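Here are my notes on the pockets in this one. Have a look at the model first, then read on.

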Amino acid sequence: MSQHPLPFLFYRGGTSRGPFFNRADLPENSKQLAQVLIAVMGAGQPNNIDGIGGGVAVTTKVAMLSRSDDPNVDIDYFFAQVSVEERRVDFKPTCGNMLAGVGPAAIEMGLITAQQRETPVRVRAVNTGALIDIVIQTPNAQMHYEGAAAIDGVPGTAAPVSLMFRETVGAGTGMMLPTGLPLDVIDGIPVTCLDVAMPVVIARADTFGLTGYETAQELDDNMVFTARRERIRVQAGALMGMGDVSDSVTPKFALIAPAQQGGQASVRYFMPVRCHPTLAVTGAQCLASCLLLPGSVAEGLCSVPERGPLEIVLEHPSGQMAVSV
């Protein structure tokens, strides 16, 4: 079988990483595209030894970019979540962490032109339809990667990337509350099924007999919790109108607990099988929204001002993430 070279850029976006392709260099057909991405990432083996995946879900992500045909959008960002141990690709979700690399990659690919000082990039997340305004640092109209910005879960510092999400409500299901209620009970566990930037099933950690402060590894090793969580997630997916989600990475699942380090809540986010080592940007938006939603599982968890704008600080296994609402 003949091989074909494919140019790509390899970027870390937030706490995720993966290849960034020009969409024009890849097959249009989704089945053929999936096979190419499976081969590129080495999916189907725990270490992804025959590809460039890193053996965990946050390092088997793919971004595909193109100029948008929408006059109000600069770049269309098409995302693919490639499985680690299965030869499978999910095109349903998007990824907020990888969005941090979209602007720089678009400039390096020649899809947009860098401006003096800063370059604004209007992005459409093809998978969900969400619109994101990105601002990247381009002194002297050149990409600038070094800087003093730091995020928990990533060593060192780099140039800051600003992400402002718009039209994120109902990104995956068309409704903020896909079940029609702020609170449902599934398998005896109260949950909030919320769709803001990402469909997420949210529960309090103590309803599972957990503290909410466990490490990601401790939660991954808890097979009883993992099995019950997945049963609830699959049932919730059906209630949310998403059909059979047993082979899909959405909806995601999250646990919340009272904050320990001065934030608004402690959270654990699942992708959906393993616990995220930090927190997804899209998931953070949904969790912040849950804290503000009357009648949700998060009601009473923390006190928040009645008027915005607000900064919601979420504590995750590697530190904190702040969400401006």
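1. Nonpolar here means Ala, Val, Leu, Ile, Met, Phe, Trp, Tyr, Cys and Pro, charged means Asp, Glu, Lys and Arg, and the others, Gly among them, are polar.

2. Before you dig in: this is a predicted model, with local features needing pLDDT of at least 70 and side-chain atom pairs pLDDT 80 or more, while totals for chains, interfaces and linings use all residues. Residues are numbered from 1 along each chain as its sequence is written, and side-chain values use heavy atoms, without hydrogens and water.

3. The largest pocket holds about 1,300 Å³ of space. A pocket is an open set of points on a 1 Å grid over the protein atoms alone, where a 1.4 Å probe fits, with protein on both sides within 12 Å along at least five of seven lines; lining residues have an atom within 4 Å of a point. Volume is the space filled by probe spheres set on the points, which are joined across faces, edges and corners.

4. Which residues sit closest to the centre of the largest pocket? Out of 48 lining residues, they are I151, V161, S162, L163 and V281.

5. The second largest pocket comes in at about 660 Å³. Its 32 lining residues include A57, S83, V84, V273 and R274, the closest to its centre. By class, that lining splits into 14 nonpolar, eight polar and 10 charged.
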